[in-house]
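My entries follow in the order I made them.

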Amino acid sequence: MTSSLFWIAFFIAGGITLLFYCGNLLVRGAASFAMRKGLSRMTVGLTLVALGTSAPEFFVSLLAGVKGSSDISIGNIMGSNIANTALILGFSAALRPMLVQKRTLRFEMPFVMASSLIFFLFAMGGWITRWEGLTLLALLALFLTYCVRTARERHPKVGTVTLVGNLKTDLTCIVIGLVGLTVGSEMFVRGASSLARLLGVSEYVIGLTVVALGTSLPELGASIMAIARKETEISVGNVIGSNIFNILFVLGTVSTLRPLPCPPEALWVDLPMMLLTAAIAYVFLYSQKNLARWEGVFLVGTYAAYLMVTVWRTH
């Protein structure tokens, strides 16, 4: 028993460590590459940084789905989106009030809401099927097309984003980050699955909580770094883009490869919670074109309450 706990802790801690540091390495390389090419900060956050910080969710969900732990896959996606919006966006706003661009309110946030609603509608059938996965990937292509068309600022600036070196260094950071994320995901899924079996807790709940929090660490790290550098646009774009990528890219790819069953409790609690947190954040952002500190604290409190309910319903 003691030996089992040691190895479970080793795999989870080792996996989280790799996901965090390699996720940050990937983010730094991707952001540096994008800024070197003169892309806008919001676009960097929405695309390359968001894709980089969504890589843990992708690798963990893909590996879990391939290994037959589909509950971890779908729980991870929902739990990560809830954590991104309520915990990470809220915590970031509590540290520094966050301004938001008009185009974010007109397009990106409504796109998050629409993607979340489509996820909910697909899940009502009990499965996310292959054709539904392909539909999500088609919507991702539409989103990326929009991002490409609005990619460059009229007067692009590097701002306070640190360039990590030359172009070769950027690409090296990206490659090492991807490799580390792959290894970290394998360790994390193995540890989380073993923990679920040991505690008698469903893999779905483990995916919603432990796995979701672990794979959201890169988003947290990227957002804190962006806040520290006063790049709130990257922080907002990172959270919004990560939520979009989690649904359209991660869920779309995994369900295209293998249809995913959706647990009944997801329709009653977790998917509505994902929609609710996104709606609250949208209302807060739209009301004053920013996210104030008290609104950030409210979102963090909402996430804490959700975790308490999730733990309570497992007993």
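I looked up Phe188 and found it buried, at a relative accessible area of 0%; buried means under 20% relative accessible area, exposed over 50%, and partly exposed in between, with a 1.4 Å probe and protein chains only. Phe188 sits in helix H6, where helices (H or I, at least four residues) and strands (E, at least two) are DSSP runs numbered from the N terminus.

I note the basis before going on. This is a predicted model, in which local features need pLDDT of at least 70 and side-chain atom pairs count only at pLDDT 80 or more, while totals for chains, interfaces and linings use all residues. Residues are numbered from 1 along each chain as its sequence is written, and side-chain values use heavy atoms, with hydrogens and water left out.

Back to Phe188: I listed its contacts (heavy atoms within 4.5 Å), leaving aside neighbours within four places in sequence. They are Phe11, Ile12, Gly15, Ile16, Leu19, Val60, Val210, Val211, Gly214 and Thr215. I also checked Thr17, which is 171 residues from Phe188 in sequence but 9.6 Å away in space, C-alpha to C-alpha.

Further along H6, which spans residues 167-199, I stopped at Leu198. Leu198 is partly exposed, with a relative accessible area of 32%. Together with Leu5 and Leu199, Leu198 makes a nonpolar surface patch of about 260 Å². I recorded the patch rule: members have over 30% relative accessible area and no salt bridge, with like charges joined within 9 Å and nonpolar side chains (Val, Leu, Ile, Met, Phe, Trp, Tyr) within 5 Å. A salt bridge here is a side-chain nitrogen of Lys or Arg within 4 Å of a carboxyl oxygen of Asp or Glu.

Next I took the chain totals. I count 11 helices and four strands. Of the 315 residues in the chain, 54% are buried. Among contacts between residues at least 6 apart in sequence, 86% join residues at least 24 apart. The accessible surface comes to about 13200 Å², and carbon and sulfur atoms hold 71% of that; areas come from the Shrake-Rupley method with a 1.4 Å probe, and for residues only the protein chains shown count as cover.

I then asked at what angle helices H10 and H11 pack. H10 (residues 264-288) and H11 (residues 293-313) pack at about 175°, with axes 11 Å apart. Axes are lines fitted to C-alpha atoms, for helices over the stretch in contact, and angles run from 0 to 180 degrees between N-to-C directions. The two helices are therefore roughly antiparallel to each other, given that angles over 145 degrees count as roughly antiparallel, under 35 as roughly parallel, 65 to 115 as roughly perpendicular and the rest as oblique. On the H10 side, the residues that meet H11 include Met273, Thr277, Ile280 and Phe284. Their counterparts in H11 include Trp294, Phe298, Leu299, Thr302 and Tyr306.

Thr277 counts as buried at 0% relative accessibility. Beyond four places in sequence, Thr277 is in contact with Ile82, Thr85, Ala86 and Thr302. Met274, also in H10, is buried with a relative accessible area of 3%. With residues up to four places away not counted, Met274 touches Met78, Asn81, Ile82, Ser116, Phe119 and Ile247. Met274 and Ser80 are 194 residues apart in sequence and 9.3 Å apart in space, C-alpha to C-alpha.

In helix H3 (residues 70-95) I picked Ile77. Ile77 counts as buried at 0% relative accessibility. Neighbours within four places aside, its contacts are Ser61, Phe119, Asn246, Val250 and Leu251.

My last entry is Trp127, in strand E2 (residues 127-128). Is Trp127 buried or partly exposed? At 45% relative accessibility, Trp127 counts as partly exposed. Its contacts, neighbours within four places left aside, are Phe122, Glu132, Pro259, Leu260, Pro261 and Cys262. One of these, Leu260, is 133 residues from Trp127 along the chain, with 5.5 Å between the C-alpha atoms.
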